[in-house]
Amino acid sequence: MRVQFKSSYDHDINLFQDNRHRIQYGILILLAIAAPFVLPEYFVGELTQIAIWSLAGLGLMLLVGHTGQVSLGHAAFMAIGAFANMALMERGWPFIPALIASAVITGVAGAVLARPLLRMTGIYLAIATLALSVIIEDIAIIAEPVTGGVSGVIAPMIELFGYEIDRYGTPTAFYYLCLGVLLLVTLMYANLLRSPSGRAFLAVRDSEVSARALGVNVANTKTLAFTLSCAITGLAGALYAHMAQVVNYESFLILISITLLLQVVIGGLGSMHGAFLGAIVVVLLPQVIATLRDLVNAHTPIALGDYPGMDMAAFALIILVMVIYEPRGLYGVWLKVRTWFQLFPLYRKGMFRRSRTYLKTERMR
Amino acid sequence: MDVLQLLISGIANGCIYGLLALGFVLIYKASEAVNFAQGDMLMLGAFLGITFINTGYADLPFLMGLVCAAVVLGVFGYLLERFVLRGIFGQPQFAMVILTIALGFLIRFFAGTVWGHNPMSLETPFTGQVLRFGGLIIPMVDAVIIGATVLLTTVLYFFFARTRLGVAMQASSQNQMAAYYMGIPVKRVNAIVWALAGVVAAIAGVLFAAKGAVEPSVGLLFGIKAFAAAVIGGLGSLPGALVGGLLVGIVEPFAGRYLPSGFGQVAPYVLMLAVLILRPGGLFAQVSQKKV
Amino acid sequence: MSLLQVENLSIAFGGVKAVDGVSFSVEAGEVFTIVGPNGAGKSTIFNLISRLYEPSGGRILFDGQDITRLPAHKIAPLGIARTFQNIELFDHSTVLQNLLMGRHVRRKTLWIEDMLFLPRVRRAEREHRRHVEEVIDFLDLAAYRDKLIAGLPYGVRKVVEIARALSSGPRLVLLDEPASGLSVEETKDMAWWIEDMQKDLGLTILMVEHDMSLVSRVSDRVLAVAEGKPLALGTSAEVQADPRVIEAYLGAEETA
């Protein structure tokens, strides 16, 4: 196991603990940048999707993983971001201002909704946000001037510094665009987490009572978390719209809200890594299943193509196993594996044993 | 007269919402967790009913088929608790939410694989029959649904208020640890609650199939609406669930009739959000405050 | 003038008067302890002072300012910090992070500055850390600095919670049963720390405690309460000798 010598408080304040840590992430970013040159074009599309869902996942992670407020309706905020971006660009706004504006608009929408919503807790909040997601589908049809009604809107071409960026025409450029936004948001998110704002989020998540006793304004903190979460998700929505090229009321069904929540759970709640890992699973799993299906079809008489919805079922099965055996998600698995290697051969079985919290009602008669 | 007709159809729909909401409340009362797969269990119940009752399948008499579906789904609920949900006993409620969402996906996949994705409906002895009161025409289906709901709710109410098992369920819902120390077999009680929720879902499902068409994805949306109903009533209250169900059932057709198109579907959710914002614990809320 | 003044404080839960007309005042620099049998309303008094509960009558004055109607999060910035009977730490964070959360009232930066991590955020972080390190030294927690709360022994968590309270730089510290669940050894340490907090840091301490050895060792004055009403006020020895107090404890034991 490595021992770290700390010589200044900055070790704990910096984004990266030491040079080794810095190099690891540097390599990761370089790989992400080099990927389009190495991989076939098809995978660039997949990577773009991963970037976009990572972004959406980060948005939800801020709320669920770091502030402890469950939302089952975040597709609604993706929709707001997407439609806002489309509508502004159609009215002649350049891409960057429109993108920023769509984040701001979604954030404001979130802030307005946060006050009444966040009076609720736990299950009630989950259900209220779920309802929001259902309602937005109908609003997308009703608000025709903005959303194009049933047929939806077609994404305009992105023009950036004289270049035309298009998902199909210039997939690499679009990938870099998404990657850039993702990195920027990740940096800001990490900054929040290492500063008083982020600590206030965690305080509210772990014990509202003691947060309040420490002088944290719980209602304001939750509202801020909800606002930022919505803004990030709105950004993801806007990029998603450019990737999908056409968005309408069907682009942001409740199923997306639910999948997004499952994504951050599968990745690992309470860690930024979780949002990324979850996105990788969500995007690549259907591909893996399709490949497996082709293999099975080719070598056995079973025609798996007759069972639609198999990727969703496989996804659900993973969730099921994960919740029962590894509630901290893929990131938890990664931590265990890493510790196993670091301590080899001294790893003990009970090292990550989790304490159980037996249900006590908060209802009082 | 038109209004009255609309009202009765709304009440009948509301009863099914109410029954499904009862399922939510049952599980919530026992483990203070919400079963997001309840809607899918209703869908499963509906398909089981069709399998047992329809000609060309098992061809059983209606009541017999209903009982069979209820038994199968009851056993399913019990096994589900015993072999899947017990794995997260002692985990935060959030884990239960995620787990049941995943279960819902799996049930949907299972139903799609077994029964396909084309809508099916149930053949009943009272299909097409109507009752006439003056100028008022009540479909027999609606009357059966309303009657069955009243009966089931009464039985459940007395079960929780009067029987030892019912009281044990209430106790274990409020403090598992204390209930355990008092000699209540908390885990077994939980399993029985899930069985009961399965039975209720089966009955609701069969009634649902008697009134309209069923396909695998019906559980999700219907479940969310029933959820709205349960929440409007306040998740811990059995009468509240029924009232919530009726409210949702009645609001829907009227909103569909009198509001511009597009607004009708969202009415139940808007109603729920309004209730939650005004009374964050629902209409029949229990006071909640954490003790420090 | 007293640092904390409680006048005729009352609260009822569904008809039961948990606190019924309690008055006392805590002078700057003293250790003031509230004792009483279980269910006497001691913790409720704490929760009233930290404004987690809404009193049905009476007033609370801190340093001359009426705080009876302030929202709960406005209490800590005045210089009142507290611990909880059953420990309310942030379990998924390290000791260091918990103590930094205790610095919330000294926060100088807005969220938007935090998000961009401007140089002044870094400067503020360094300063928070310096204060926290002082507390870590004071309570001898250096060995646990980077440990997660969830894995710490109960006794250490008790100390961490006090450390978190101290990190905010308070004037008045409310300790809710600091020795409950501690071993004899740990209770002795706790007594040292309370004395140090009073003498070295010049803090005022209001405490609820059952362990009479600790109470008599550290307390300047003791208030006994039973069934929400004040019984006796005086030095530890005086209160323990008071016949009404003895009766309240014995009576409580007979019915228990």
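Close-up 1. C:R51 is buried, with a relative accessible area of 7%. Keep in mind that this is a predicted model. C:R51 is found in the loop between helix 1 (42-49) and strand 4 (57-62) of chain C. Its phi is near 65 degrees, a positive value in a residue other than glycine.

**Close-up 2. An exposed glutamate with positive phi in chain C.** Here we visit C:E227, whose phi is near 50 degrees, again a positive value for a residue other than glycine. The loop that holds C:E227 lies between strand 9 (221-226) and strand 10 (229-234) of chain C. With a relative accessible area of 67%, C:E227 is exposed, whereas C:R51 is buried.

**Close-up 3. Helix 3 of chain A meets helix 12 of chain A.** The axes of helix 3 (residues 41-67) and helix 12 (residues 254-267) of chain A come within 9 Å and cross at roughly 75 degrees. Helix 3 of chain A is therefore roughly perpendicular to helix 12 of chain A. On the helix 3 side, look for A:W53, A:S54, A:A56, A:G57, A:L60, A:M61 and A:V64; helix 12 of chain A brings A:I256, A:L260, A:L261, A:Q263 and A:V264 to the contact. Sorted by class, the residues of this contact are 9 nonpolar, 3 polar and no charged.

**Close-up 4. A:T259 and its contacts.** A:T259 belongs to helix 12 of chain A. Its relative accessibility is 16%, so A:T259 counts as buried. Setting aside neighbours within four places in sequence, A:T259 is in contact with A:V282, A:M312 and A:F315.

**Close-up 5. A stacked aromatic pair in chain B.** A search of the whole structure finds 20 aromatic pairs over all chains. One of them joins B:F47 and B:W115, which are stacked, with 4.8 Å centre to centre and 10 degrees between the planes. This pair links distant parts of the chain: B:F47 comes from helix 2 (residues 38-53) of chain B and B:W115 from helix 4 (residues 93-115) of chain B, 68 residues apart. Both B:F47 and B:W115 are buried.

**Close-up 6. A cluster of rings in chain A.** Ring pairs connect A:W53, A:F83, A:Y240 and A:F252 into a cluster.

**Close-up 7. Arginines over phenylalanine rings.** In chain B, the charged end of B:R82 sits over the ring of B:F83, 5.3 Å from the ring centre. In chain C, C:R164 lies over the face of C:F90, at 4.8 Å from the ring centre.

Terms used: Residues are numbered from 1 along each chain as its sequence is written. Chains are lettered from A and ligands numbered from 1 in the order in which they are written. This is a predicted model: local features need pLDDT of at least 70, side-chain atom pairs count only at pLDDT 80 or more; totals for chains, interfaces and linings use all residues. Side-chain values use heavy atoms; hydrogens and water are left out. Axes are lines fitted to C-alpha atoms, for helices over the stretch in contact, and angles run from 0 to 180 degrees between N-to-C directions. Helices (H or I, at least four residues) and strands (E, at least two) are DSSP runs, numbered from the N terminus. Angles under 35 degrees count as roughly parallel, over 145 as roughly antiparallel, 65 to 115 as roughly perpendicular and the rest as oblique. Contact means heavy atoms within 4.5 Å. Ala, Val, Leu, Ile, Met, Phe, Trp, Tyr, Cys and Pro count as nonpolar, Asp, Glu, Lys and Arg as charged, and the others, Gly among them, as polar. Rings of Phe, Tyr and Trp (its six-membered ring) pair if their centres lie within 6.5 Å; planes under 30 degrees apart count as stacked, over 60 as edge-to-face and the rest as tilted. Buried means under 20% relative accessible area, exposed over 50%, partly exposed in between (1.4 Å probe, protein chains only). A charge sits over a ring if NZ of Lys or CZ of Arg is within 6 Å of the ring centre and within 35 degrees of the ring normal.
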